[in-house]
Amino acid sequence: MARGSRSAGRTCAATRRYKQEDTLSKFTSLKSTAALAGIILPLAWSGVAWAQDAVNLRMTIWSANEAHLALFNEIAASFKADNPNVTVTFEPIPFDNYTTTLTTQIAGGNAPDLAWIFETSAADFVNSGALFPLTDTLSNAEGYDLADVSTGPLELWSKDGTLYAYPFSTSPFGVFVNNDVITAAGAQTPAEMIAAGTWTWDNAIATAEALAASGKSGLIIRDFDYKTWQNLTSVYAGWGAAPWSEDGRTCTFTEQPMVDAMSFIHDAIFTKKAMPGPGETADFFAGDAAMTVTQISRASLLPKENAFDWDLVPLPAGPAGEYAMIGQAAIGVFAASPNAQVAADFLGYMTNPENSAKLSQFFPSARQSLLTAEALGKTNPLLSPEQLDAVVINGITNGKVIPGHTGFAQIQQTVRAGLDSLWVADADVPAVMASICDSINPMLMR
């Protein structure tokens, strides 16, 4: 039986049972009803017992961060305490090739039971029919309160009124700052510029440029590394630029806002030396740089000791004004899994109000009840109420999601290859942008 102390967080009502006819339709890959009966028996914490055979769930994730894994394993262990036959293991896959590796596993018949899905690939996964529908499971889960989740973050992961993946992380982009290296170089800190009303991209790069002769790097777009170009959205959105039109059918790399933004980035790299160039590496969290643009979930990398005086501030204003960007990561359950319903129940447990509060330490929740400085402060003690309000709450409330597209993996690789000719000192920015549009326009119109 489930433990009473956690009964309010259970993702299934105590009396709900899996119906045989529903189970048969969800596990069509099994060869016979006899095989099904050998696997599915009542589940402990939902009031239904489980089979004597063990149920092993595998979930792919992109993070190998020790703090992230410790929290995931803690939640999985708590689930297992009430469901001794259910074991959940987490499989980290490197960020750079995460989606490619995941789709290769799926194509090879080795799909995980659950997986993180990036916002850029949402359309592919939601529209493919590969994901198990979650609306009924989460709506009927005791204490889950799906209505507490803001509707906006759910839109990307829904189709025809059904939710197919749960956005457990709605993480705004901000700028982490090393005040020590900035003041040592005699430059203005972002906090000083914010107080003066001059926190803009021009001034941010001016501060980063002042670090060029100090042995430290200026500004790093984390996880970009001249590969994951979509992370540059956190910069070019300040120009009002986008890679394609709102309907997704027309390339807009050639439009003036994008040309201007990419010219600005190119100049910051090759002329001002304000950003690490191709092949150069620096780690802000090791104290190697003045600033890094990244998501709030990276706060776990901050040094445990007071290694340097750090700050967290919103993205600088661009020519198009102030703006906010968010990245989303959702968890989906694969319909082909022989344990899809079990995986959905674990997903419900992992993202119930109690565990969402724990996860929000690294992965801000879209639950309205958790979107306050007080609630966020309980699991983010390193961040001040002002930082939480300015970066996290404002970002989730007003931020735009990094744009994705159907067939994004192919588009992403094509744009990445096209941008290779931009990352040289004498690049012709408009010509590079035109070449990219020539390459991806046919893909966008499919």
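The model is predicted, so local features need pLDDT of at least 70 and side-chain atom pairs count only at pLDDT 80 or more, while totals for chains, interfaces and linings use all residues. Residues are numbered from 1 along each chain as its sequence is written, and side-chain values use heavy atoms, with hydrogens and water left out.

Start with the whole chain. The protein chain holds 18 helices and 11 strands. These are DSSP runs, numbered from the N terminus: helices are H or I with at least four residues, strands are E with at least two. Of the 446 residues, 52% are buried. Buried means under 20% relative accessible area, exposed means over 50%, and partly exposed lies in between, with a 1.4 Å probe and protein chains only. The accessible surface comes to about 18,500 Å², and 51% of it belongs to carbon and sulfur atoms. Such areas come from the Shrake-Rupley method with a 1.4 Å probe; for residues, only the protein chains shown count as cover. Among contacts with a separation of 6 or more, 76% join residues 24 or more positions apart. A contact means heavy atoms within 4.5 Å.

Now look inside. The search runs on a 1 Å grid over the protein atoms alone. A cavity is a set of points where a 1.4 Å probe fits but cannot get out. A pocket is an open set with protein on both sides within 12 Å along at least five of seven lines. Lining residues have an atom within 4 Å of a point. Grid points are joined across faces, edges and corners, and a volume is the space filled by probe spheres set on the points. The count comes to four cavities of 30 Å³ or more.

The largest cavity holds about 480 Å³ of space. Its lining has 34 residues, and Phe95, Phe118, Thr120, Thr228 and Gln230 lie nearest its centre. Several elements supply at least two lining residues each, among them helix H4 (98-107), strand S3 (114-118) and strand S6 (165-178). Helix H17 (408-419) is also one of these elements. H17 gives the largest share, five residues. By class, this lining has 11 nonpolar, 17 polar and six charged residues. Here Ala, Val, Leu, Ile, Met, Phe, Trp, Tyr, Cys and Pro count as nonpolar, Asp, Glu, Lys and Arg as charged, and the others, Gly among them, as polar.

Where does the largest cavity lie? Domain 1 (55-171 + 327-401) and domain 2 (172-325 + 406-445) both give residues to its lining, so the largest cavity lies between them. The domain bounds come from an automatic or database domain assignment.

The second largest cavity has a volume of about 50 Å³. Its lining includes Phe173, Pro314, Tyr323 and Asn394. Helix H16 (residues 385-398) gives the most, with four residues. Seven of the lining residues are nonpolar, two are polar and none is charged. Both domains contribute to this lining too, so the second largest cavity lies between them.

Next comes the open space. The largest pocket has a volume of about 620 Å³. It is lined by 23 residues, with Ala241, Ala242, Glu246, Lys400 and Pro403 closest to its centre. Helix H11 (233-236) and strand S11 (400-401) each supply at least two of the lining residues. The lining divides into 12 nonpolar, seven polar and four charged residues. Domain 1 and domain 2 both give residues here, so the largest pocket lies between them.

Finally, turn to single residues. Asp145 sits in the loop between helix H6 (135-139) and helix H7 (151-155). Its phi is near 60°, a positive value in a residue other than glycine. At 46% relative accessibility, Asp145 is partly exposed. Lys273 has a phi near 55°, also positive in a residue other than glycine. Lys273 is exposed, at 51% relative accessible area.

Is Ser121 buried or exposed? Its relative accessible area is 3%, so Ser121 is buried. Ser121 lies in the loop between S3 and helix H5 (122-128). Leaving out residues up to four places away in sequence, Ser121 touches Thr99 and Phe408.

Met443 is in helix H18 (residues 429-444). With 11% relative accessibility, Met443 counts as buried. Beyond residues up to four places away in sequence, Met443 touches His405, Gln410, Ile411 and Thr414. Met443 and Thr414 stand 29 residues apart in sequence and 9.8 Å apart in space, C-alpha to C-alpha.
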